[in-house]
Structures are given as C-alpha cells and as structure tokens.
There are 2 protein chains.
Amino acid sequence: MVDFKVLILGNGSAVPTRWHNPSSQLVFYGKNKFLVDCAEGTQMQMIRYKIGGASIDHIFISHLHGDHFFGLIGLISSNHLGGRQKELFIYAPEGLESLINHHLEITNTTLRFPLRFFTHEKNKAGILFEDKSLEVRLLPLKHSVPAWGFVFKEKKRNRRRIDRTFVDVQNPSIEDIQRLQQGEDFVGKDGKVLLNKDITHPPFPPRSYAYCSDTAYDESIVDFIKNVNLLYHESTFDNSMQDLAETVLHSTAEQAASIAKKANVDKLLLGHYSGRFKELHTLEDEARKVFPNSVLSREGEYYRIG
Amino acid sequence: MVDFKVLILGNGSAVPTRWHNPSSQLVFYGKNKFLVDCAEGTQMQMIRYKIGGASIDHIFISHLHGDHFFGLIGLISSNHLGGRQKELFIYAPEGLESLINHHLEITNTTLRFPLRFFTHEKNKAGILFEDKSLEVRLLPLKHSVPAWGFVFKEKKRNRRRIDRTFVDVQNPSIEDIQRLQQGEDFVGKDGKVLLNKDITHPPFPPRSYAYCSDTAYDESIVDFIKNVNLLYHESTFDNSMQDLAETVLHSTAEQAASIAKKANVDKLLLGHYSGRFKELHTLEDEARKVFPNSVLSREGEYYRIG
C-alpha cells in the first residue's frame, strides 16, 4: 500500500514561541510530498527533520496571514540557490504571486526554475491537484480573510488484491494477474477454475486527509470532510476562551472535536495552538469529551493516514 | 562603564543549514539594542536566546539579499500582534519599505505602531543614528547589489573618572564631582587643595564596532573602520575558493584578516560562512596567519566590544 502520512512542521499560531513554530506540514503520498502552509522557519524545520527542500513540487497556502506563508520566499530562494530547475507549483489565494514577484524583483533574482501559481477560486471547493491515484481539493473555511482548507483523497481503487498464497502456489502470468485484478476467475493449467472471490481480496478503501486551519466553528465544512481518516482541525483556544474564538474567527478544541464527530472521521489531530498555553492537555481533554480519538499534534511527528 | 557587546544570532550565508542561521546580530549599548540584519528565523533565534522582540527599536539592514532581511516582516508582525505601540525605526536600502508595505497590505494589517523607514544614501558614509553617547554610521561595501556595513562608535568622553578612594575619604558633593569631572582641582573643608590629576583618571577611550557583510575584499573601507575594537567581517570562503570569492564579490577569511590588519583593529570576528563547510577551523587558521587575534563567531555567543 502506498505510504500516506503527514509530518507536522509547525503547529503554533500567530507568533512563534519557544515551543512551537507557526503553521506548516508536509503530506506524503508515495514519492510525492505536498507542503501545506509555509510559515517563517519552515525550511529550518525541514532541515531539522531531514526533508530536502528541493524534493517538494507542490505547495498549498491556506490564507494570507503571515503565520501561514512568511517562509515561502525563503524556501523559493533556497531552491533557486540550490540549483533547482524543475517546476514548482504554488496554490495560493490571490495576492501572493504578486508579493513573491516583488521579492524577486528587489533581490534582483531571476529564478532558474519555473514558478507556477494557481489562485484559489473564492467559495469554491474545486480540485487543485490530481494524478492517477490522488486528488487535492479546496475547502472554503470561515475566517477573517478568505481562507481554505485542503482535502487529500485517494482515488477509488478498482483493482482487487490477489491473495499471496495463491500467487506462491500457482505462479500466475502478468496477464493472469491483470485479469484477476479486474475480477475475472482463474483457469489453471489443469483446466480447473478458481473463483475470483476465493483468491482475491476487495480493493483497499480510498484513504483521505483534511487540513482545516484557520477557521471559526463552521458546520458547513462537514459534508466536505465526511469520513476522512485523519482530520487536522485548528484548536487555537480552550473552552474558557470560546467568546474570543468567536470574535477572532478561530475554534476551540471542543469545537474541533464537534466537527470531527459530525463528520464521522477516524481520528482528530489538534493544532494551531495559541501561544498562551504552556501546557496543552486541557485542549486534548476538552476535545476527547466530545470525540474520544482526538490527539495533540506534535512537531516532528508523522501521522499515518488510514 | 556602559555595557557594549554584540550577540550573534546568525552567521551562516545564503541558505540556512543544520549548523547556521543566515545573518543577524544584536548590538547592545546600555539599554539600547540594535538589530543588524534580520534573516528568516531571526525572531526564533531571539526567543532561543531570551531576547524580547519588543525590546528592539532600531533595525539596520545591510543589503537586499534575502539572507539578510527575509525575517523582518515576521518580526514586525510579531511586534504588532504583541501589542507594540512605540515607534520602530528601520534603516534599509531603497525598496524594502515598499515590500514591507506590500506585506501589510495583502495580510490586511494596519500596524498599531509607527514604522519609520530611513533609506541608505548610496555611496555615503552618513550617520544613521545618534544620541548623546553613541553614533551609528553607514559604510559603503562592494557587493553584487548596493550594500553597506555599519560602524557603531561611542562618542568621545570628556568627563574624567574620579578615584574611588578619594570619594570614600572626602565624600564630595555633587557639585564637587561635576567640577572634578571637568578637570578642576578639589578644595577640602580644611582649605587644602588636591590636584585634579592626583584624584582622577583620564576618561575611558571611546569604543567601536564595525559590521562588514557582504563584501568583496575592498581596502577602501579601511579608513572607516580604523582602530575599531571589534570588527565582524564576512569570511564566506577559504583560500581554495578565492577565485569564487572574487566572482561573487565575497571575501575569504584571509582577506578579512588582511583588512583587520590594515585597519589595526583589536579583534576580528569571522562569519557569513558558506554552507559548504562542516568544519570551520580552516577559516580561522588562514585568518590567524595574517591577523592573530581572529576568532570564529558562534551563534548565541556575546562578544564584548572594547
């Protein structure tokens, strides 16, 4: 099964602290790495966790608050200085392309590689990225500036999985395997028929991951993230700060858990912690009362998807 | 004596590495802190070394290469979110003010404090900052884009320093002290005259610090940094890369030492190390052959000035 996981690079909020970097994470799907948000210091976090900056081809920016994109120009610049030549795709709200170009202009830089910008369409949940096995969709969020989450979803797999014992015993040809994957029965050299259902397993169910930061409590996202295996939902505040959360259009951990429950996800990852908290267990406790499979995300840790 | 020292926050070059952050340092003079360059991650380095971001009022930017200023917008933003109200002064090459304003515009930010920009005048060694005891001057450098160093210089002190034993014995009045500081003799209650030269010491000599990064080898700076107590001069490369240094308008450690020797400085601090070096002792060795009091700067370390 293709490796599908997320590495948390930063799970703090507006201002970096001794304990947290602002938002950034890396979604791995097979050989692809997708960077989600890129706060100041993201390239340093990548160095710390041994991720080569040049290995990323797709960067998704959720919204234009500095704690989600101030590290982008540094990452682009380091790719340039490192000799990158292949295209880099950036999916971002309107305005970022012009700012990045402004940086390149005043630093007198002509990039050695093509930088391709795609601007998020407001209020649309369109497809940003798609290949034969994965798609990434926009998810409109509710925040003080236009903001989007991202849903990473494996495509539906039609190929049945062939039983290993059958392969060992019968040593089928490549053509046999292809027919079996498509649901056909197997005819042995002795003319004996083995039924497909007896020698194959159903395809793996498609796996999915949703990133929702920054956002106020907003049930309208539930339909878009229904049944995802892993949900990262911002939990900037605890219950004692619910009024503040409403005012500044952020969520409490309990609200994140409520969304996780309504969306019937497998697991909730908490993050985008306010710098106020020295200890985060209150957030986890409050979330678990509503949705037991809630965990505090930790920087430098990988979380399996599905 | 007023505390005068520099804290190295970053002494790497173009690209951050596991070992070094790009350029940034903090000059302390009494209660004032002056930030010199502000690469990505500078605010994180300040957190690491327990420097409050709000405590800085003056920021000097040497030139518009990203490894010297990409962290500025993050620092400004954190000051804003932290509730700063007092003015922040930024001294920078032409172009940076407009880029910072572009950031503020697309992040929808109206700063709560005044941001005052002063643009370096090309090819001039003018005074950037001045108060009763210190001045900071521009120093034009030779680089691929307009670049400046900074010279921090104490003003000449005229007040003589009164001997502590005399104070203990004679318990002079404030008026007596002021007269003694200005060179007058002292007349005791018994009418006996004590000569000024017998009960005072000469004023402390003014102390000075020069920051020179980024620059090719350029003897024309020698007159501006003559006799400084401490010189930070970039030493991006070692002798085996002298040709490259010339091409990209950087210096070798030996060239930095040669400038230190010609300028008759007390001590040379090496920095702006190329990311190529895993071990830096070659740079130190090569510098010391020309100027023995050369040392490798280290991040997180304070260096006394004078």
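**Entry 1: conventions.** I record that this is a predicted model, in which local features need pLDDT of at least 70 and side-chain atom pairs count only at pLDDT 80 or more, while totals for chains, interfaces and linings use all residues. Residues are numbered from 1 along each chain as its sequence is written, chains are lettered from A and ligands numbered from 1 in the order in which they are written, and side-chain values use heavy atoms, with hydrogens and water left out.

**Entry 2: helix H3 of chain A.** I looked up the buried residues (under 20% relative accessible area, with exposed over 50% and partly exposed in between; 1.4 Å probe, protein chains only) of H3(A), residues 96-106, and found A:Leu96, A:Leu99, A:Ile100, A:His102, A:His103, A:Leu104 and A:Ile106. Helices (H or I, at least four residues) and strands (E, at least two) are DSSP runs, numbered from the N terminus. These buried residues pack against H2 (72-81), S5 (88-92) and S6 (115-119) of chain A, together with H3 (96-106) of chain B; contact means heavy atoms within 4.5 Å.

**Entry 3: H2(A) with H3(A).** I found that the two axes come within 11 Å and cross at roughly 55 degrees. The contact is made by A:Leu72, A:Ile73 and A:Ile76 of H2(A) and by A:Leu96, A:Ile100, A:His103 and A:Leu104 of H3(A).

**Entry 4: backbone features.** I located a cis peptide bond between A:Ser213 and A:Asp214, with omega about 0 degrees, and a cis bond joins B:Ser213 and B:Asp214 in chain B, again with omega about 0 degrees. A:Asp214 is in the loop between S14 (208-212) and H7 (222-225) of chain A.

I then checked positive phi values. A:Asn264 has a phi of about 55 degrees although it is not a glycine, and is partly exposed at 47% relative accessible area. A:His272, with phi near 60 degrees, lies in the loop between S16 and H10 (281-290) of chain A and is buried at 1% relative accessibility.

Notes: Axes are lines fitted to C-alpha atoms, for helices over the stretch in contact, and angles run from 0 to 180 degrees between N-to-C directions.
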